[in-house]
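Trainee: Hi, could you walk me through this one? I'm still learning how to read these.
Mentor: Of course, let's open it up and go piece by piece.

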Amino acid sequence: MSAPQKLQVDETLDCKGLSCPLPIVKTKKAMDEMNPGQVIEVQATDRGSLADIQGWAKNTGHQYLGTIEEDGVLKHYLRKSRPDEIKAEQKHPYVASNEDLQARIAAKRPITILDVREPAEYAYGCIPGANSIPLGELEQRANELNPEEEIYVVCRTGSRSDLACQLLADKGFKRVRNVTPGMSEWSGPLEQAVEK
Amino acid sequence: MSAAASPLQKMTAGELTRRVLSKEPLFILDVRNDSDAADWQIEGEGIELINIPYFDLLEGVDAALERLPKDGDVLVVCAKEGSSKFVGGQLVEAGRSSVYYLEGGMKAWSEHLEPVLIGRLKDGGSLYQFVRIGKGCLSYMIISEGEAAVIDAVRMTDVFHRFAAEQGAVIKHTLDTHLHADHISGGRKLAEQTGGTYWLPPKDAEEVTFDYEKLEEGNVITVGNTSIEIQPVYSPGHTIGSTSFIVDNRYLLTGDILFVESIGRPDLAGKAEDWVGDLYTTLYDRYKSLPHELIVLPAHFGKITELGEGGAVFARLGDLYKHNPGLQISAEADFRRMVSENLPEHPNSYQEIRQTNMGRIDPDEERQGQMEIGPNRCAVHDK
């Protein structure tokens, strides 16, 4: 594993020196004010905050991405979920299952995979060779992709990738496929820039 | 219900210990996260406990109030105490009376030691057991004529200093029956602080970084002028060096080889296959040849039901040969199978704890406390 670069986040919250319940209370308050999809880095020195953040995220539905320890400071990464994320309506007609994509990878044919999750999510585990363009940047960066190629688009649950597929289709991409359910259920090869 | 609720009250680990030992009913609301609460909880015959993480109660405690008994004391516990004060305060605000929080949280519970007199010795000396009720560790102090020896001391050395001083004794020897894997030994620190001698079985000490005296069979250690004898008996199985002590020809300190309701596990140094045979020989041969009148004093208890009068943990060796499930299997092959099929999870941080006890790492106090959080898990039978 290479040394982690600084992960790109939308908010940073300093909870160093605080003990429970304060790190969670402050995280909750900060996330209430964030937009869905944004990522927060919570810095804490209380080691108990690790299991608490994980438990809290699980119970509230926010997405726990992982934790990095640096010089005795735990940096927890969380992404605020959209209320409708889990059961979002999907509109892009062309889909591929995780298994379809896995079979394509196993066949070793050239393939383009586009991962539209946040950089922090991507860093904690992505399909080897996947291109990272967060959904929020896709509008500007679509020109990095070849509209004639077949592109498999992934996110965590198939909801952001659906939006990405629609966006690309509008731009004239012919062969984009939304991979469902996506990384939350991915059991194929995985590459991690940082360890959980 | 017009009477104002009583304010949030504090309960110390010592007060909680007395409640557990007296088997008084007590309702506990454990507000730690699910996984920590599932790993290790406060136990007692009068204890009823529910777990609701504090972070599920940030916006109101109704979900907790619904599940509390109408009256009687409620103790809120968390890891350190902050969250229990937070939740306890909200319960009081909501009108619930008789609400307590555990001072220092589960950390303090893990560190509390309760001294219990086991018996007087022939020359007038005494043998005390220190029950670490939250974690299940047992330490011992032998006192005779102004001298003391501490066996399997836990890291809270101030408790031993204070107790010895109250008894007018100076700690001359500290002994460990083996290299511990579930808790950090206080033996070396205690000996350094008092200028005493630290004894350790040499076969468990091959990788240690410090000086120690070798505990070997036949080397009798004397406490006090009229010689309370500590006779080491080599009894491998939990570790290769595990050594038991016969004190005053009456007590058998078994370390982590033999407990009251279970036996030691042989796998914490990664050598289960090699050591299970030693364990069998110690339990079914060496110990069996000792007088069955000896009172067994182990280094752990596994279940809270093993605590007797005042919290003391002991049993007659002969009775253990009748009732302890680990001593009822005569064929070695069956014994091996029973042991390998009944190994519980490893104690938390056991590798780091062993490294600490060898002097190879030196974590700070706070980290030591974190490493020790959780049950001891040194026995084959307790899950």
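Trainee: Which residues of strand 16 of chain B are on one side and which on the other, and are they buried or exposed?
Mentor: One quick note before that: this is a predicted model. On one side of strand 16 of chain B you have B:Tyr251, B:Leu253 and B:Gly255, and on the other B:Leu252 and B:Thr254. They are all buried, and both faces of the strand are covered.

Trainee: How many residues of that strand are buried, out of how many?
Mentor: Five of its five; strand 16 of chain B covers residues 251-255.

Trainee: What pairs with strand 16 of chain B, and in which sense?
Mentor: Strand 15 of chain B, residues 243-247, pairs with strand 16 in the antiparallel sense over three bridges. Strand 17 of chain B, residues 295-298, pairs with strand 16 in the parallel sense over four bridges.

Trainee: Let's zoom out. How many helices and strands are in chain B?
Mentor: Chain B has 12 helices and 18 strands. Its radius of gyration is 22 Å, close to the 21 Å that the globule rule gives for 383 residues, so chain B is as compact as a globular protein of that length. The C-alpha trace spans about 70 × 50 × 40 Å along its principal axes.

Trainee: What share of chain B is buried?
Mentor: Buried residues make up 49% of the 383. Also, among contacts in chain B with a separation of 6 or more, 63% are between residues 24 or more positions apart.

Trainee: Back to details: which residues of helix 11 of chain B are buried?
Mentor: In helix 11 of chain B, residues 350-357, the buried ones are B:Tyr350, B:Ile353, B:Arg354, B:Thr356 and B:Asn357. Down the helix axis they fall within an arc of 160°, so they line one face of the helix.

Trainee: Why would spaced-out residues point the same way?
Mentor: An α-helix has 3.6 residues a turn, so residues three or four places apart point the same way.

Trainee: Is B:Lys23 buried or exposed?
Mentor: Exposed, because B:Lys23 has 12 other C-beta atoms within 10 Å. B:Glu145 has 16 C-beta neighbours inside 10 Å, so B:Glu145 counts as partly exposed.

Trainee: Switching to chain A: what is the strand order in the open sheet?
Mentor: The order is 1-2-4-3, in a sheet of four strands with mixed pairing. Strand 1 and strand 3 of chain A stand at the edges with a single partner strand each, so one side of each is left without a neighbour in the sheet. From one strand to the next, the twist averages 20°.

Trainee: Which strands does helix 1 of chain A lie across?
Mentor: Helix 1 of chain A lies across strand 1, strand 2 and strand 4, running at about 160° to strand 1. Helix 2 of chain A also packs on the sheet, touching strand 2, strand 3 and strand 4.

Trainee: Last one: where is the cis peptide bond to A:Pro21?
Mentor: That bond runs from A:Cys20 to A:Pro21, with omega near 10°. A:Pro21 lies in the loop between strand 1 and helix 1 of chain A. Another cis peptide bond joins A:Thr180 and A:Pro181.

Notes. Residues are numbered from 1 along each chain as its sequence is written. Chains are lettered from A and ligands numbered from 1 in the order in which they are written. This is a predicted model: local features need pLDDT of at least 70, side-chain atom pairs count only at pLDDT 80 or more; totals for chains, interfaces and linings use all residues. Helices (H or I, at least four residues) and strands (E, at least two) are DSSP runs, numbered from the N terminus. The radius of gyration is taken over C-alpha atoms; the globule rule is 2.2 Å times the number of residues to the power 0.38. A residue is buried if 20 or more other C-beta atoms lie within 10 Å of its own, exposed if 12 or fewer, and partly exposed in between; C-beta atoms are placed from the backbone. Two residues are in contact if their C-beta atoms, placed from the backbone, lie within 7 Å. Two strands pair if DSSP finds at least two bridges between them. Axes are lines fitted to C-alpha atoms, for helices over the stretch in contact, and angles run from 0 to 180 degrees between N-to-C directions. The arc is that of the directions from the helix axis to the C-beta atoms.
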